[in-house]
Every structure is written in structure tokens, then in C-alpha cells.
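Here are some notes for a colleague who is opening this entry for the first time. Please keep the sequence and the 3D view at hand while reading the numbered points.

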Amino acid sequence: LSEITFDEIIDLEGKHSIETISNYSQFSFAFFIYHMLRSVMNLSESEKVAEKLEGLLSLYGKTGTVIQFNDCYVKDGYVHPGFFEDADLPRFFIDRSVYQAVLNGAPLNKVQAVDDLLMNLCNFDEATFKRILAVLSTIFFNNEDLKTKFNSSIRFVGKDGRNGKSIFSALMRRAFGKSNCHIFSIADLSDSKTLYAVANSLVAIDSDSTGKTISDDSSALFKSLTSGESLEVKGLYKQSEMIQTCCSIIAFSNMMPGSSDKTTAYLRRLEIVLCNYQILNPQDKVGPNSKETLIDVDEDWFNALRTDEAAQYLIELLLIESQRLIRAGHYPEKPKSMELVLQMFAEENDSASAFVHEVGLEEIVGYSIAEVREKYHEWCESNDMSELKRKFNETLTDRFGLKSAIANNVALVNQSSNAYVQISAGVKKAIRCWQLPTTEKTKEFISKQLSKVKTEN
């Protein structure tokens with residue numbers, strides 16, 4: 001066992017609360033049982049009971065994803081009053097009362113410092129703030145259909161640091177409870193112990209993401225987790241088990257991540273925000289890539305962010321936003337600034353995409369596979385970029401809709417290509433070239449290029 005929760009504990013004032021004991025061994029649990037029941041049970045019998053309970057408890061909370069608060073619960077993204085009652089137990093417990101705020105449609109007590117911090121992370125852009133708030137609220141989208149529809153992961157990138165990323169990470173852990181959060185590295189997702197911990201968390205935070213390249217295996221697991229898929233995982237000293245995931249992944253870093261996965265399926269899950277404003281002390285200098293924050297920062301501001309009121313406000317803000325978002329059925333429009341950042345990331349992370357954007361499809365469609373590969377090789381050398389091997393063809397197919405196909409007549413070949421001369425002269429009957437999705441589109445594209453050349457000449 002790694003965690004057991006005692007819910008509906010009532011304090012002297014009659015208030016409900018939730019208490020959790022985490023990270024203990026089966027023997028520790030057996031000793032706890034023995035201590036409570038030693039008048040009727042010896043230690044050996046307690047160990048058998050602990051083993052039996054471990055088997056029973058492992059059946060609970062792995063397929064369910066209910067989030068229980070002190071006065072309400074979230075099931076399939078919707079908030080319901082009271083305590084969840086079913087054969088299964090709630091998967092996650094957050095020791096906060098929030099239902100009145102949900103009914104009001106607004107947090108009970110506004111904490112301006114929290115809004116300030118989020119605005120600073122969002123470069124004081126209102127559209128970015130709305131988008132990021134909506135994405136953060138999907139933490140409460142605890143079913144696979146909703147996770148698949150809104151499958152996004154936020155990454156805050158501040159090149160010079162001091163942007164408030166660490167402050168926000170700490171605030172998230174206080175708000176949701178440390179037992180519901182896990183600190184990890186996305187690059188380590190292929191490690192079985194890391195995957196087990198992340199799959200069992202509500203919020204997974206990569207708090208200091210490095211420039212280490214994310215492998216294909218880790219990228220695939222990242223996509224599965226952001227979609228809320230069921231995964232077979234194995235914890236330390238445990239049997240493999242199937243877990244319904246519903247965690248939200250949030251990353252903080254000083255640089256863009258590198259990834260072996262260049263596909264659009266990976267890119268569309270990323271919500272990248274460049275944090276250009278630094279929160280500094282009076283004597284500190286602004287970094288070369290940054291500006292000084294627009295917030296009037298003092299010790300009271302920092303203290304306000306460390307309070308339980310700030311954590312409560314953040315939870316209420318996100319929970320209320322989640323209910324608005326589930327009714328709307330779609331995210332607020334992504335700002336142009338975020339689109340440009342994602343494009344920049346794609347090109348920095350993917351020399352194949354950068355190559356296509358610079359030379360254009362007219363230098364690829366209708367040319368032989370070997371010719372395009374040679375052009376790409378020379379372009380990478382002259383632009384000091386890493387050349388992709390196997391991933392190059394995959395990128396052209398996945399991101400640009402091209403296909404490698406046999407061209408058996410000159411209408412499918414660019415006249416500037418060596419393949420055109422070979423097919424025209426009968427040296428070769430067919431050559432494999434890059435083409436658009438259909439033969440008709442390829443012929444039309446090449447015909448337009450030919451007309452354009454004649455017009456220019």
C-alpha cells in the first residue's frame with residue numbers, strides 16, 4: 001500500500017475533513033492494525049489482514065476517477081453536491097469546500113495576487129489568460145471523452161527565469177493537495193516507476209523541464225495521458241494493473257523541449273506560453289530576453305500567494321471555469337502569439353518542417369525522393385540544423401500531407417527534376433517521387449508551377 005484515505009472525519013466544530021496517510025509499507029499498515037486491535041488480534045494475524053486489505057483496496061479507485069471535495073464531488077466533469085456514494089470509492093480527495101462558489105458562479109473571496117501571477121505568466125495578454133485558464137480548468141475533466149476532446153498540456157517557458165513559474169507550481173500543489181500532485185520529468189515517462197506515479201495523479205508537474213530530448217516512448221505515453229486513456233502500469237513491488245488516467249500535465253522550463261515525435265498529434269496537445277516578464281527584487285537586473293513585470297510587487301504580494309486563501313481562490317476559479325467550458329464545448333480561441341510560439345517550437349524542434357517552410361512545396365512535389373533528400377541535407381548543413389533520418393519522410397507525410405509514390409508519366413514530375421529527363425528519354429519508366437495526396441492534385445500543382453515559370457520568363 002502507498003496511500004489510505006480516511007474521509008468524513010469530523011472535527012470539534014462538526015466540520016467534515018479528509019485525512020490521508022501516504023507512503024508506508026504493508027508491514028507498517030499491519031502494525032497500525034495490530035496497534036488498534038491488539039486486544040483481539042496478534043501481529044501475525046494483522047499481517048494477513050493487511051495483505052487481504054491491500055488486495056481489496058487495489059480494486060478500488062483505479063478505474064474510477066471521481067474527485068471528492070468536502071461538500072461536493074466531480075464526476076465526468078460535472079459538479080454534484082454531497083459525498084459520492086457508489087460501489088467504487090472516490091479516486092481523489094481535495095480537502096476544500098467549494099460548492100457554494102460553484103452555485104454562485106464566482107469565487108467567494110477574490111485574491112488579486114493570483115490573477116496578477118497568472119497575467120504575468122501570460123505576458124499580460126487577456127486572450128492568453130482566458131485560454132490558459134480554460135486549459136488549466138480541464139484538470140476537473142475526469143473522464144476519457146472529455147480528456148480526448150480537450151487534450152492539451154500547458155508549458156510555461158521563461159528563458160531568463162524569475163517569471164513566477166516556481167511560485168505558481170507551489171500554489172498548484174497547495175491548492176490541489178500534495179497527495180494529488182506528482183513532480184516528475186516528461187522525458188522520464190518511459191520509466192515504469194515514473195509512469196505509475198503520474199498515472200495515479202490528478203496533476204503532474206514537470207517543474208524544471210530540461211532541454212533533454214523526449215523519446216518516442218515518452219512522447220507516446222504523454223499523448224496517452226493527455227487523452228485520459230487507460231494504461232497498464234506497474235508500481236514498485238506491485239503487479240501490473242490497468243489504470244484509468246485523468247491527470248493534467250503542466251510543464252515549466254527555461255527552454256523549449258526537444259522531442260523525437262514530430263507529428264501533428266504531438267504538437268496539437270501543446271499549449272506553449274512564452275513568459276517574457278520577470279518578477280524581480282529592486283536591485284536585480286532584467287534578463288536579456290525579458291521585461292520587468294507590470295505588477296506592483298512587494299512582500300505583501302508574495303505573502304498573499306502563500307496563503308490558504310490564494311489556494312482556495314485558485315481551486316474555485318478553475319472549478320467554475322471548468323463548468324463554463326463544459327457548457328461551451330470548446331476552448332476560447334488560441335491567440336496569434338501562442339500560434340506563433342508553437343510554430344517556432346515546431347521549426348526549432350523539427351528541421352524537416354523548417355526546410356519545407358523555407359523552400360516551399362514547389363521544391364519538393366514532383367522531385368524524386370533522392371533529390372529532395374539531397375536538398376534537405378544541403379539545407380541543414382548551411383543552416384546549422386540537425387538532419388533527421390527516418391523522421392524526415394514521416395514529417396513530410398504527417399505534417400504536409402505528401403506521399404512517396406511512383407511517377408510513371410511526366411505530368412507527375414517537375415520539369416526541373418532529373419526524373420523528368422529520365423522518364424522523357426525513356427531511360428526509366430517510373431521513378432518514386434514526392435506527390436500530393438491524389439494524382440489529380442499533383443498534376444494540377446505541377447501544371448500551375450509550369451505556368452508560373454513561363455509567365456515569369
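1. A definition is needed before the surface is discussed: a nonpolar patch is made of residues with over 30% relative accessible area and no salt bridge, with nonpolar side chains of Val, Leu, Ile, Met, Phe, Trp or Tyr joined within 5 Å. In this model, which is predicted, F32, M36, L37 and V40 make such a patch, with an area of about 400 Å².

2. One member of that patch, V40, is placed in the loop between α1 (26-37) and α2. V40 counts as exposed because its relative accessibility is 65%, and the cut-off for that word is over 50%.

3. When residues up to four places away in sequence are left out, the contacts of S46 are A30, I33, Y34 and M41.

4. Strand β7 (residues 153-157) deserves a careful look, since five of its five residues are buried. In a regular strand the side chains alternate between the two faces of the sheet. For β7, one side carries S153, R155 and V157 and the other carries I154 and F156, and both faces are covered, with all of these residues buried.

5. Which strands are joined to β7 by bridges? Strand β13 (residues 270-274) runs parallel to β7 and is joined to it by five bridges, and within β13 it is L274 that partners V157. Strand β12 (residues 248-253) also runs parallel to β7, with four bridges between the two, and here F156 stands opposite F252.

6. In soluble globular proteins, nonpolar side chains tend to be buried together.

7. Which residues does F176 touch, if those up to four places away in sequence are not counted? The contacts of F176 are I94, I139, F140, C181, L202, V203, I315 and L318.

Conventions:
Residues numbered from 1 in each chain as written. Predicted model: local features only at pLDDT ≥ 70, side-chain atom pairs only at ≥ 80, totals over all residues. Heavy atoms only, no water. Contact = heavy atoms within 4.5 Å. Buried < 20%, exposed > 50% of the residue type's maximum accessible area, 1.4 Å probe, protein only. Pairing = 2+ DSSP bridges. Patch = residues over 30% accessible without salt bridge, like charges linked within 9 Å, V, L, I, M, F, W, Y side chains within 5 Å. Areas by Shrake-Rupley, 256 points an atom, 1.4 Å probe, with all protein chains shown as cover. Salt bridge = Lys/Arg side-chain N within 4 Å of Asp/Glu carboxyl O.
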